[in-house]
Structures are given as structure tokens and as C-alpha cells.
Amino acid sequence: MNANDKIRAKTVITAHANADFDALAAMVAAGKLYPGAVLIFPGSQEKSLRNFFIQSTTYLFNFKAFKDIDPDAVELLVVVDTRQRSRIPQVRPLLGKPGLRIHLYDHHPDTDDDLEAELSVVRDWGSTTAIIVDEMRRREVVLTVEEATLLGLGIYEDTGSFGFNTTTPHDFEAAGWLKGQGMDIEVISDLLSHELSAEQVTHLGELLQNAVTHDIHGVDVVITELSTDRFVPDFALLVHKLMDMENLKVVFALGRMGDRIHVVARSRHPDVSVGQICTSFGGGGHAAAASATVKDRTLAEVRDDLFALLYSQINPQIVVESLMSRPPVVIEDHKTISDAVELMTRYGLKDVPVVDPAMRCVGIVGHQTADKALSHGLGDLGLSEYMSRKFETVQAGTDLYRVMEIILGRRQRMLPVLEGEALVGVITRTDLMNMLIDEPARIPDSLLPERRRERNIGPMVGNRLPKKMLDLLKTAGELGRDMGWEVYAVGGFVRDILLGRPNLDLDLVVEGDAIAYAKRLADLLGGRVKAHVKFKTAVVILTDGQRVDVATARLEYYEYPAAMPTVELSSIKMDLYRRDFTINALALRINPGRFGQLVDFFGAEQDMKSRAIRVLHSLSFVEDPTRILRAIRFERRFDFQIGGQTLRLIKNALSLDLFSKLSGTRILHELQLVMAEENPLACLSRMQELGILEAIHPLLKLTGERVQVLMELSKVHNWYKLLYLEPEATPWKLHLLGLTMGIKRDQIGLVTARLRFTAREERDFLQLRDQIGDALMKLMNWREDRSRLSRLCAILRPIPLEGVLFLMARSRKEQIRRNISQYLTRLRDVTSDISGADLKELGINPGPAYTTILSRVLDAKIDGRAASRDEQLRLAERLWRGIARRGGPQCSGS
């Protein structure tokens with residue numbers, strides 16, 4: 001269907017994928033409330049429902065596929081029998097559409113994945129159809145027999161023919177009203193209670209044979225399985241039959257059908273909500289009936305995850321009460337780092353809660369962090385400086401799943417347990433793991449950071465990278481496979497893919513020998529290698545200038561504050577942990593078969609969504625204070641915010657005067673990067689606010705005049721960049737002129753010495769400042785009515801580009817600014833049309849006069865007094881005659 005043939009519907013209605021009768025009926029019912037709406041069929045795996053749809057519903061109710069709809073025309077999306085974004089993939093292209101209105105009708109519990117809507121009708125009834133029928137009754141909608149029967153089918157199915165505990169009086173009332181509208185109960189009975197085929201009887205026998213009853217915290221739960229290479233029609237019907245035959249209260253049926261695991265669950269027990277458990281598998285439902293489809297998992301893995309979910313949700317308080325350690329070992333908030341190390345060493349603890357006099361938990365100190373701080377000579381500092389303030393707590397009655405979510409999902413090794421505000425106990429990761437080992441269950445994969453935070457972004461990578469870069473990644477990944485090593489793209493390259501920003505600076509990490517890998521990669525791509533054996537890194541330089549940095553997966557540690565890193569071999573996780581901020585601690589698998597899998601151990605994606613700059617560990621700035629400048633660069637570049645704990649650690653590092661321990665070379669390098677940012681003044685202002693500029697050198701501070709000039713410098717520099725002229729200006733030189741403006745000549749050497757300028761850099765910078773000063777004096781005497789452009793060119797020509805741009809930003813005369821822009825864009829590269837050879841042809845003897853004549857001719861061309869070559873030759877002759885008359889190389893005018 002071409003674009004012109006697509007249906008332009010303002011309102012569309014849909015339901016969750018793998019629709020049941022309630023979802024289908026609710027869609028048809030909603031169509032009566034929204035006349036003219038188009039029904040989008042969500043797909044179904046139930047054979048009876050599919051046959052019914054094919055034979056009857058398509059004809060009667062005119063369902064459409066989403067591909068037949070023009071998305072641009074849709075203004076209102078109506079979703080029934082679910083609110084979960086992940087359960088309506090068929091209309092995913094609509095969900096990000098600006099201005100889209102959404103109406104929801106549902107009877108399932110709330111989830112974290114629920115859509116936001118302008119209208120949300122959610123009631124705890126037995127079926128969604130009954131909720132919409134209630135509204136139809138109020139509007140006095142008239143139904144056909146077919147419509148009433150289909151709606152009744154939805155109510156009967158989702159209430160178990162009114163046999164589920166979730167059935168409410170409203171469901172009976174809705175069915176009664178539908179009966180009055182002509183609902184055919186015999187048709188419903190035939191559809192819901194047909195006889196089983198021979199194949200279905202075989203599958204039901206397998207479910208009966210495999211059924212095992214488990215006592216989970218006092219509740220009998222039956223778990224059964226079947227395994228087949230083909231899809232089993234009416235799997236939910238078989239589970240319903242099993243439940244009725246054996247009079248079961250709670251049943252979970254796991255069916256491996258081809259490459260997917262289908263979960264169907266039913267419950268008649270008030271303490272077991274199968275909907276909540278199936279939601280954890282990516283499915284949904286309500287307390288009495290639910291289902292899910294799981295991809296890329298084995299039957300055993302799904303079974304083990306199911307056990308863990310059941311143990312965490314059925315009477316979980318029993319486990320929490322018995323699991324926590326009480327009373328907890330604590331340390332008072334007025335104690336020091338040394339005190340904490342001594343306490344944790346004595347009791348063999350990895351973490352200890354910090355409490356105030358009222359036994360409120362105000363922080364957590366880790367043994368590893370405290371040990372590092374002690375080794376850096378910081379043992380006398382108070383705990384408030386390096387304790388973690390960002391942590392979760394739970395009340396004593398919290399369920400176990402929440403405990404697992406925090407300890408395993410959020411990687412918080414120790415969880416304080418409170419009664420009210422007072423700390424009464426702790427649960428550690430070890431406590432939790434020991435309990436889970438004792439139970440017949442494993443940890444749900446959804447709570448393992450290594451798996452939960454690994455998703456495939458291959459399509460995003462393909463869409464956001466140029467083909468040339470994409471091919472380079474794939475080639476690098478294939479080489480890793482051939483050499484038997486995992487290879488990852490890491491750091492800012494991956495971060496900017498997620499942020500949709502251009503970044504072709506590729507860093508690779510190899511879980512193997514980076515230098516050997518780089519040599520093979522260079523051979524493949526026709527490049528060359530520069531290896532750094534000490535750091536186990538290499539750079540592959542390709543013929544087009546593209547550079548690929550390759551590193552061995554490693555962990556860096558620092559022997560003392562502000563030291564250069566020592567390198568040890570490690571895994572990708574430890575390699576990422578050595579990085580500065582969470583948003584840079586990302587990796588992208590590029591080996592074939594796993595290409596595009598994002599590895600995020602430390603919550604970088606969440607921090608990007610929250611627009612937060614968060615440091616990876618609390619001693620990060622102690623080990624490398626230059627990371628403070630990087631934090632500011634990223635904060636201003638991405639319009640993020642430095643997190644509260646990270647900001648406190650920055651202020652603490654400054655109070656320890658750690659910048660004085662940094663070499664000037666490292667500071668200058670970071671300043672150069674700051675001044676290369678799109679908005680360097682924003683970075684410098686933040687540095688001023690935090691006291692960083694003065695920490696570098698007391699003479700570096702933002703006065704009002706410097707701020708004004710730096711603002712103009714950014715405008716002038718951006719203007720010049722848009723011209724695409726050569727040479728390019730060096731941003732740090734340009735902005736350092738503004739930052740040091742007004743510092744006396746005899747003091748500027750103190751700043752250049754602190755920044756460890758080389759002798760040549762210092763000489764050039766001082767000379768540039770002197771040239772700017774001289775030019776400013778000359779420009780102050782500039783009079784537009786008397787001064788020629790050649791005079792301006794003579795003033796500017798000896799000055800490097802950065803100085804000229806500075807003068808343009810500094811000048812208060814608009815005409816001078818325009819003339820400087822004319823110099824940069826047109827006059828700077830103007831040359832005379834004659835040369836020394838022409839002067840020789842005129843019979844002028846080579847000598848100092850050549851310089852004088854050619855200079856005067858060029859001035860005349862710039863001022864428009866000798867535009868053509870002939871005019872310039874005649875002018876040269878006149879100049880030579882004047883020189884000859886006076887008997888010397890000098891002349892006073894032309």
C-alpha cells in the first residue's frame with residue numbers, strides 16, 4: 001500500500017499483543033464510544049481466537065493492520081485491557097508522536113511501564129469489557145446480537161465464566177445488560193467449552209504428569225511444564241482444564257514452544273497475584289489470570305526465575321524478618337576514616353552504616369573506599385567527606401523482592417532496615433545470597449546488573465553512525481572473534497550514540513593483548529600502529545587519518561593523590577570502573593553474534609535520562625583532580641547537572657588543595673579541552689563558582705570586563721569557524737588571552753609558569769600579548785575619515801590569527817570590527833600582481849628598494865589606487881624614480 005492509499009484516521013483503538021477475548025471485545029466496545037475510530041488488531045497466538053477473528057470479526061468489525069494506517073493523521077490513541085507501553089508494540093511508532101492524546105481503559109494493576117494519558121479509566125473489575133460496557137449503558141448505546149455476544153465472550157473468558165475470585169458484581173451486571181441486548185450464551189459456551197482434540201489431550205496429559213506441588217511460605221503452588229518444537233493452540237484452555245480437574249488454587253504452566261517460553265498462570269488464592277509475577281516476565285494480566293512470553297531463555301532459566309519471584313512475593317515478610325541482622329554494627333557520624341577502617345577490620349565488614357545520635361542512618365562507608373582514603377593520608381578526615389549519601393533503605397515489613405531489587409538490581413551491597421526512622425538491622429548481599437542458595441531458586445535475571453543492563457542497540461548504532469564507521473566496527477569485531485577475544489567500543493563514543501551526538505573518536509577495549517590486536521587490525525585496514533608497551537595500549541592510524549585507540553581491558557589504580565595511573569590486566573567491568581563518570585562507563589559489544597549489545601554496569605543510561613553527572617566512586621577526585629574539570633565540561637556540554645554527592649566530593653577535593661599537587665602540564669591540557677568546548681565561558685563561570693580558577697592560580701578569575709570579552713570572543717570565534725578559512729584558530733590560546741586580560745606583564749609569567757608552558761610557548765604568548773597591546777594603541781588613534789585599509793592591514797599582518805580575533809572582540813568601534821572582518825575574509829591573503837621579477841624587467845637593480853616598492857604597491861592595491869597589474873607597474877616605476885632621485889631605498893609616499 002502506498003502513502004496515498006493509507007487510512008487517515010484521527011482515532012485508533014488497540015489492545016495488548018497476544019490478545020485474548022477480553023482484549024478483542026473491549027476494542028469493539030470502545031469502538032462504540034469513539035464513532036469513526038479504526039480498530040488496530042494487535043495479533044494473537046490463541047488458535048480459537050484467531051479462527052474466530054478470521055471467520056467473523058474481520059468481516060463484522062473491520063479491524064485493520066497498523067501498516068494500513070497513516071500515522072501522521074492519528075490524533076487520539078485509545079488503548080484497552082493494558083496500560084503498559086511494552087505490551088503494545090504494534091503502535092510503537094505513535095508513542096513518541098508530539099501532541100498525541102491517549103485514553104486508557106484497563107482492569108490490571110499499576111506498573112512502572114504504564115503510559116501517561118489525558119483519560120485513564122481503571123477499575124479493579126473482572127474484565128475490561130465490563131468497564132466499557134458500564135459506560136455504554138450510561139450512554140444508552142444500542143448493540144447488535146453479534147456485538148453483544150462478542151462483548152459477553154470477553155467478560156465470560158476473563159472471569160472464568162464468573163468462577164474467578166476477581167469477578168465483581170459489576171461483571172454480572174454488565175453480562176445481564178448484554179443479555180438484554182441479545183447476547184447468545186450458546187455461542188459463548190461453544191467457544192469456551194469445546195471438546196479437546198487428540199493432540200490437546202496428549203498435551204494435557206503431559207501437563208498433568210509434570211505437575212509438582214511446592215509449599216512456598218505456606219501456600220501450595222503447582223508448577224508444570226511441557227516442551228515441543230511447535231506452537232500449542234489453546235494453551236490457556238489446557239491450563240484452565242488442568243486447574244478444574246485437579247481443583248488447584250495456584251498453577252503456573254511453562255510451555256517451551258519452538259524458541260519461546262509461554263507462561264500461563266491462574267490463581268484462586270488471595271495472597272498470590274499471578275499478574276504481578278507475569279509482569280516481571282514482561283507479560284501482564286490481573287491477580288487471577290495472567291500470561292507472558294519469554295524470548296532468549298531456556299525453560300530451566302524461566303523456572304528458576306519463577307521460583308525466586310514466588311519466594312519474594314508470597315508472605316515475603318517472613319523471610320525479611322528472619323534474614324536481617326540485628327542489632328547492626330554501626331559507626332557514629334562524628335568519627336573519622338581511621339575509626340571506620342579499624343571497626344570494619346575488627347568485624348570483617350565490607351560496609352558499615354553511619355548513624356546520628358538518634359540512630360538515623362545518614363550514610364554508608366565502604367571498606368574499600370575507607371582503605372584507599374587511609375592510604376592517601378586522609379585518615380583524620382570526618383566520615384561525612386567520603387561516606388555515600390545516596391542509598392536505599394527499607395522498612396522492616398518490606399517484601400523480599402524489593403530487597404533483591406536494591407541489593408542485586410541497584411548493586412547496593414548493604415541495605416539498612418528501619419522501623420520508622422531508626423536503624424534496627426541490616427541485610428547484606430551475602431545474607432541474601434545465602435538465603436537464595438538454601439531455596440530451590442536462583443536470582444531473577446531481571447535483577448542481575450550484568451544482564452539487566454545489557455540490551456541490544458544494534459539498530460540505533462546502524463542508524464546513527466556513518467556507513468564507513470559501522471563497517472569499521474564490524475571489521476574490528478570480526479577480528480576479535482578470529483583471535484578469540486571479546487572486543488568493545490567504549491566511553492564517549494558509546495555515550496554519544498545514545499545521546500544522538502556526532503562522535504567518531506573510536507576507543508576499543510580488548511579482553512586480550514591490545515598491541516597484538518592493533519597490529520592485526522592495522523594489517524587488515526592498511527594502517528600503521530603506534531604502541532605504548534608500558535600502558536598496554538596502541539593507536540591504529542588509517543590512511544584517511546582516522547585514529548582508533550586500542551587498550552587492553554585493565555584496572556588503573558593510583559599510588560598517591562594526583563599520581564599517574566599504574567596499569568593491571570582486568571576484565572571489561574573493571575576497565576569501565578576505572579573511568580571518571582557513569583555516563584562514560586559504557587561499552588558496546590562488537591563481536592559477531594553479539595554486535596550492538598550495550599554493557600552498562602553502573603546505571604549510565606538512567607543517569608543520562610536524569611541528566612546527571614555522577615562519579616563512579618568517592619575517591620575519584622582525590623586520585624585524579626583533573627576529573628573535576630571534566631565533570632564541568634560534560635555538565636555544560638550536555639546541559640546536565642553535577643549530582644549532589646559528586647558536587648560534595650568536588651568541594652572536598654578543593655578543600656584538600658589537591659590542585660596544588662597536579663602538574664601544570666595536566667592542568668593546561670584540561671584547560672585546553674575546556675576552552676575547546678562550544679561554550680567555554682559557561683565552563684569557566686562554573687569553575688569560578690566552585691573556586692577552581694583561583695585554585696589553579698590566584699590571578700585567574702572572572703572579572704566583569706573579562707566575562708564581557710570572553711562572551712565576544714566566543715561570538716567572534718564561532719563567526720570565524722563558519723567561514724571555513726585557513727588557518728584555524730587555536731581555541732585555548734584565544735580564550736586564555738581573555739582570561740588573562742589585564743594581568744600585568746611582570747605577573748603573567750607566574751601564570752605561564754604554573755601551567756608549565758614550554759619556553760617557546762611562553763615566549764610566543766608573551767609576544768602575542770605585546771603585539772595586541774601595540775595594536776590596541778594604534779587602533780585607538782584610528783580615524784575612519786583619514787585612515788586607509790592598508791594601514792589597518794599593516795597593523796594586523798604581523799599578529800597571529802588569535803590576536804586578530806581578540807582585537808576584533810575587544811574593539812568598541814563597530815567600523816573597526818567591520819574592517820577587521822574584511823581583513824580576515826578578503827584582505828589578509830591579498831598579494832600584489834607584480835613581483836621582483838617584474839621590477840627587474842623594469843630595470844630596477846635588486847636590493848632593499850624591492851621591499852619598499854612591493855609593500856607600497858600592495859598598499860595601493862588594498863586601498864583601490866592600483867587595482868590592475870598595469871597600474872601597479874606604473875606605480876612601481878614612479879616609486880623607483882623617486883627613490884633614485886633621493887639616492888636611497890626609502891621614500892615618503894607614492
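I take helix axes as lines fitted to C-alpha atoms over the stretch in contact, with angles running from 0 to 180 degrees between N-to-C directions.

**Basis.** I am working with a predicted model, in which local features need pLDDT of at least 70, side-chain atom pairs count only at pLDDT 80 or more, and totals for chains, interfaces and linings use all residues. Residues are numbered from 1 along each chain as its sequence is written, and side-chain values use heavy atoms, with hydrogens and water left out.

**Entry on α33 and α34.** I looked up helix α33 (residues 759-780) and helix α34 (residues 789-796); their axes come within 10 Å and cross at roughly 165°. Helices here are DSSP runs of H or I of at least four residues, and strands are runs of E of at least two, numbered from the N terminus. The angle makes α33 roughly antiparallel to α34; angles over 145 degrees count as such, those under 35 as roughly parallel, 65 to 115 as roughly perpendicular and the rest as oblique. I note that A775, K778 and L779 of α33 make the contact with R791, L792 and I795 of α34, where contact means heavy atoms within 4.5 Å. These residues divide into 4 nonpolar, no polar and 2 charged. Ala, Val, Leu, Ile, Met, Phe, Trp, Tyr, Cys and Pro count as nonpolar, Asp, Glu, Lys and Arg as charged, and the others, Gly among them, as polar.

**Entry on α1 and α5.** For helix α1 (residues 21-33) and helix α5 (residues 145-158), I find axes that come within 8 Å and cross at roughly 140°. The two helices are therefore oblique to each other. On the α1 side I list F21, D22, L24, A25, V28, A29 and K32, which meet E147, L150, L151, L153, G154, E157 and D158 in α5. I record the division of this contact as 8 nonpolar, 1 polar and 5 charged residues.

**Entry on the sheet.** I looked up an open sheet of 3 strands in the order β15-β16-β17, with mixed pairing. The edge strands, each pairing on one side only, are β15 (394-395) and β17 (422-428). Two strands pair if DSSP finds at least two bridges between them. β15 pairs with β16 (residues 414-419) in the parallel sense over 2 bridges, and Q395 stands opposite L418 in β16.

**Entry on A236.** I place A236 in helix α9 (residues 235-246). A236 is buried, with a relative accessible area of 18%; buried means under 20%, exposed over 50% and partly exposed in between, with a 1.4 Å probe and protein chains only. A236 and L736 are 500 residues apart in sequence and 72 Å apart in space, C-alpha to C-alpha.
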